[in-house]
Structure formats: C-alpha cells, structure tokens
Amino acid sequence: MNDNLCADRPTFVTHLECSMTGERYEADRLHGLSQAGRPLLVRYDLDAVKAALAKDALAARETDLWRWRELLPVRRTENIVSLGEIETPLIPVPRSGGANVLVKDEGRLPTGSFKARGLVMAVAMAKELGVTRIAMPTNGNAGAALAAYASRCGIETIVFCPEDTPEVNVREIAVQGARVWRVNGLIDDCGAIVGKGAAEGRWFDLSTLKEPYRIEGKKTMGLELAAQGGWRLPDAIFYPTGGGTGLIGMWKAFDELEKLGWIGPERPRMYAVQASGCAPIVKAFDDGVEHAERWENAHTVAAGIRVPRAVGDFLILRAVRESGGKALAVDDADTLRAVADCARDDGLLLCPEGGATLAAYRNALATGEVDAGERVVLFNCATGLKYPMPEAPNWLTVPRRSTSTRCDG
Ligand SMILES: *Cc1c(COP(=O)(O)O)cnc(C)c1O
C-alpha cells in the first residue's frame, strides 16, 4: 500500500495569483484564466510546509508523484484518481548524447507521456471543485491522459484534435472513454472551439495553462530532478517546448524548493527546444520580446511541440532568460537522426519531441553553447512506441514443412 495516497496529509495552498499582474484569487474556487487573461499560479504557505515536512521524512516516502503532497493543491485524498504516477528514471545516453547526458524518460508514466502528471492533478482538482464535464484541445498525449483520468472518476470529456494528430493518439483517446473529434485546423483552432463552448456554459475548459493545476502536476518534474540529484540540479535542461507547462512548472518548483531551503539559488540553464517548422518562442527569444507572435503554417514531425501560440509565452521566455539559457530550433531531419541514433546506439527509443532535445543538445555542443563536461538532462516526454517507426522490410522465406500427418504404412 502506498502511504502517499492513504495518509491524511495537510495541505498548504493559500491563494492563487495572476502570473502577469500578481492579483490575488481565492483558493478552493473554480478558476480559468485571470481577469487579465493570463495563467493563474497556485501559492502555498511555504514557511508552514518547511515546518511540517523535513527533507528526511520526504526521503523515507515512496518516490511517486504523491510524495510531494504538501507542495500540491489537492485537499482531499479521495479526489485523487491515480493510475500509478511513478518517479521517472534518468537514463544515461553515452553514445548518442555524451558521458554527462541523462534522459528523463517520461514515457514510463500512465498513458505513456508526461501529460499524465498535469492531467492527474487537473482532473483531481476538477473533481474536488465539482466539475462534471470537461473539454480540451490536444495534439494527442494530453487528450489521452485526460480521457484516462476523467473516465476513471466519471467525469465526461470531449476532446478536439487537429486533423493531423497521430492516429494512435486519436484512438487511445476514444478507447479510454472520451468523445473525440478531429478538426480541420491546428491546436489553437481546437482551442477556440473549446473556449466558445466554455463561454456558453457547456463544459469546463481544461486547455493547458487556462486552468491553474496542470502546471502543479508538471512541476513535479523539477521536484523529482532535485531529489534525484541529491538536491543538486543539473547544469542545463533541454525541454521540448509546446505550451511550455513543464518548463514553467519546473522553474516554479525550483523557486519553491529554494524557499524551503532544500536547494540554493543556483539554477540550471533552461533550453526551450522547438522545431524549426514551428518556433514562435525561438523567434520571440531572438527578437528580445516578451510575447510571441502566432507561427503561421506550423509543421513538424514532433506533434507535441506543434503549438503556434502559447498563452504562457511570456512565462517561458522569462524562465529561459532568467536562467541564462536559450530558445533553440532544430530541423526535423536532425530530430529523426537523433531518435535513430539513440535507439540504435543506446537502446532507448525516444519520441520525436525527445529526439528534438537530443538534436538541440548536439547542436549546442557543436557551437560551444554547452560544454561536454556539463551535467545535462534531456526530457523525453512520451514513449517512442506511440510514434511511427522506420520500416523494417526484411523477410526471410523458409521452405514450409507440411502440416498434414503422413501415414507411410
Ligand atoms: C505536450 C508535449 C510536449 C510539450 O509539452 P509542454 O509542457 O506543453 O510544452 C512535448 N513532448 C510531448 C511528447 C508532448 O506530448
């Protein structure tokens, strides 16, 4: 039995806060975006957490996502719908990456992607706050995680996917009990449909960063990284950036850990990795601006990062800049080569978005942006098994033995 889920653990949420204006919002109420149209961030009484939770006590707990209860928003344990959110391992990739490169392999989470971290939290909070019907736009993995968790606790879900969403994603969403629609457009077109329905009161909008709790789930990546490194963070993190929830979440996690006194002020350089066919954050970073323009004609093999416009653009850019990192674009050809190299040489099958981080790392090494001696973590955010793989066309034909039984008399 996992104590993290049956113990009565105190919670420490004090309020929510607009990420742009700092305006306060009451906790324990259903919220979308702030009045200013920006993401809301959950705030905790970190002094009280510090008094209630010692590092050693944490170390004694099981290592899953729920060991971080004091830093998470769910008040009542019975609202947690768990499918087994394990701590994901850090896998060395010495041949395709380098001696100091680790891949945080998020493909091992329920529904095969790190969207499970965000959605397990968002669904628990939706349940806690009485939501009965949820809609969401998705490039695939988020919809699958939503469908799994929401169906499991009886919340109805309607999911909208861009027309070129991988077939396997659309089917896994359907088979896990959501009503799923393909839309002849991109993720932001799907988002507009969800927003309109939400405004009409037909459902709750669970789009990334348009509700406050996905980020709290994704932040556990940062908490885990710190614990796994013995409270020492890596020198650099390469993160495949679509909506950027994970990057923003990790940055928030580091801040909270510092306030608890568990880490110091040092931070990894955060590299936001995008595909050169859809790189709005990279363009905004290079232009030195705070908000990104919509990227037209977005295309890339890495569907999870095909996000032409992100509501949290300024939060991504802020974290990247404060950390001394960069936003980097990589070509699909380099991404696919990285996936192939890592599978063949290190035995780890990355998803294309994970391949993009490896490709970006290799480019950064070549340009001197990172040093081979630096400790680097790359994020592989879904299992490579969900994606198309190169053909394996070889057939060996052998003479068939007859199956009938001869009777030679
Ligand atoms: C959603 C997704 C991403 C992007 O994550 P964000 O935190 O939304 O930027 C990257 N890779 C995969 C496989 C994804 O499903």
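Reader: Where does N297 lie?
Author: N297 lies in the loop between α11 (280-287) and α12 (313-323). Helices are DSSP runs of H or I with at least four residues, strands are runs of E with at least two, and both are numbered from the N terminus. This is a predicted model, in which local features need pLDDT of at least 70 and side-chain atom pairs count only at 80 or more, while totals for chains, interfaces and linings use all residues. Residues are numbered from 1 along each chain as its sequence is written, and side-chain values use heavy atoms, with hydrogens and water left out.

Reader: What makes N297 exposed?
Author: Its relative accessible area is 66%. Exposed means over 50%, buried means under 20%, and partly exposed lies in between, using a 1.4 Å probe and protein chains only. So N297 counts as exposed. N297 also has a positive phi of about 50°, although it is not a glycine.

Reader: Which value is given for the phi of T111?
Author: Phi of T111 is near 60°, a positive value in a residue other than glycine. T111 lies in the loop between β5 and α4 (115-128).

Reader: Why is T111 called buried?
Author: T111 has a relative accessible area of 16%, so it is buried.

Reader: What makes K104 buried?
Author: The relative accessible area of K104 is 0%, so K104 is buried. K104 lies in strand β5 (residues 101-105). It touches M221, E224, L225 and Q228, among others, not counting residues up to four places away in sequence. Contact means heavy atoms within 4.5 Å.

Reader: How do you know that the side chain of K104 makes a polar contact with the side chain of Q228?
Author: The distance is 2.8 Å. A polar contact is a pair of N or O atoms within 3.5 Å; within protein, one must be able to donate a hydrogen and the other to accept it, and residues adjacent in sequence count only if both atoms are side-chain atoms. The K104 and Q228 pair is such a contact.

Reader: Why is helix α9 called mostly covered?
Author: In α9 (residues 220-228), 7 of its 9 residues are buried. Among them are M221, E224 and L225. After α9 comes G230, with a positive phi near 65°.

Reader: Why does K386 count as buried?
Author: K386 has 9% relative accessibility, so it counts as buried. K386 lies in the segment after β13 (376-380). Its side chain makes a polar contact with the side chain of N141 at 2.9 Å. Leaving aside neighbours within four places in sequence, K386 is also in contact with residues including T111 and G112.

Reader: Which distance separates an oxygen atom of the ligand from the side chain of N141?
Author: An oxygen atom of the ligand is 2.9 Å from an N or O atom in the side chain of N141. For the side chain of Y239, the distance is 2.5 Å. A backbone N or O atom of T245 lies 3.2 Å from a ligand oxygen. The elements that give two or more residues to the shell around the ligand are β10 (236-240) and α10 (245-259).

Reader: How many residues surround the ligand?
Author: There are 19, and the closest are K115, K218, Y239, G242 and G244. A residue is near a molecule if one of its heavy atoms lies within 4 Å of it.

Reader: What makes S19 buried?
Author: S19 has a relative accessible area of 9%, so it is buried. S19 is found in the loop between β1 (13-18) and β2 (24-26). Its side chain reaches the backbone oxygen of P39 at 2.7 Å.
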